[in-house]
Amino acid sequence: MKIICIGRNYSEHAKEMKAETPSEPVFFMKPETALIKNGAPFYYPQFSKEVHYETEIVLRISKNGKNIEKKFAHSYYNEVTVGIDFTARDLQAQCKTKGLPWEMAKAFDGSAPIGGMVTVARYKNLQNIEFRLDINGKTVQQGNTKDMIFTCDTLIEYVSKFVTLKTGDLLFTGTPAGVGAVSIGDKLEGYIEGVKLFECEIK
Ligand code: ZN
């Protein structure tokens, strides 16, 4: 399986990163070794001094597809959760300065913890769900999928022009504003519509 991540899909986050609001989706990938599930801990990597959380809605691809039309896109995912796109912000800044790819800042081991999947059908409208991250019991980031620049279906259409989507692949749909640093000892909890789906401790 592969993990596809969308960059800059909320304009307030693009602004906080001093990046332009994109006219087309931006995507990048993480390998399977980035995945953390079932509440397993995240081990703070030695190569970074500034690991940031990016709280994101994550879709699980439910059937193989390429060149998927937007009107059919909804039938290619049926489960959703909340996850973290951990980013070594210090390394990412170096990559950006040098015009290099972001992999070392984004694709490292454990950089993609996700919560338990729930069925998409549970929500009346996937493009209007609230999600948030609490650290040590305090809410640090919140968003609503209605503020996405590109909807989930648009993202599926776009990404599948370039990359065949396969059952079990994950799509991280971008972070709202409010990203920040984590520290060893932090306890992260992610919620959709007030229901906790995600837990991860920083070790
Ligand atoms: Zn992200």
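**Figure 1. Charged side chains across the predicted protein chain.** The protein chain carries 26 positive and 25 negative side chains, and the centres of these two sets lie 2 Å apart. The model shown here, as in the views that follow, is predicted. The protein chain exposes about 9500 Å², of which carbon and sulfur atoms supply 50%.

Figure 2. Three side chains coordinate the zinc ion, namely Glu54 and Glu56 through OE atoms and Asp85 through OD, at 2.0 to 2.1 Å. Along the sequence these donor residues follow the spacing E-x1-E-x28-D.

Figure 3. In the protein chain as a whole, 52% of the 203 residues count as buried.

**Figure 4. Fold and overall dimensions of the protein chain.** The protein chain has five helices and 15 strands, and its C-alpha atoms fill a box of roughly 45 × 40 × 30 Å along the principal axes. For 203 residues, a compact globule would have a radius of gyration near 17 Å, so the 16 Å found for the protein chain agrees with that expectation. Among contacts in the protein chain with a separation of 6 or more, 76% come from residues 24 or more positions apart.

Methods: Residues are numbered from 1 along each chain as its sequence is written. This is a predicted model: local features need pLDDT of at least 70, side-chain atom pairs count only at pLDDT 80 or more; totals for chains, interfaces and linings use all residues. Side-chain values use heavy atoms; hydrogens and water are left out. Donors are N, O and S atoms within 2.8 Å of the metal (3.2 Å for Na, K and Ca); water is not among the atoms, so sites may look incomplete. Helices (H or I, at least four residues) and strands (E, at least two) are DSSP runs, numbered from the N terminus. The radius of gyration is taken over C-alpha atoms; the globule rule is 2.2 Å times the number of residues to the power 0.38. Buried means under 20% relative accessible area, exposed over 50%, partly exposed in between (1.4 Å probe, protein chains only). Contact means heavy atoms within 4.5 Å. Accessible areas come from the Shrake-Rupley method with a 1.4 Å probe; for residues, only the protein chains shown count as cover. Lys and Arg count as positive and Asp and Glu as negative; His and the chain ends are not counted. The place of a charge is taken as NZ of Lys, CZ of Arg, CG of Asp or CD of Glu.
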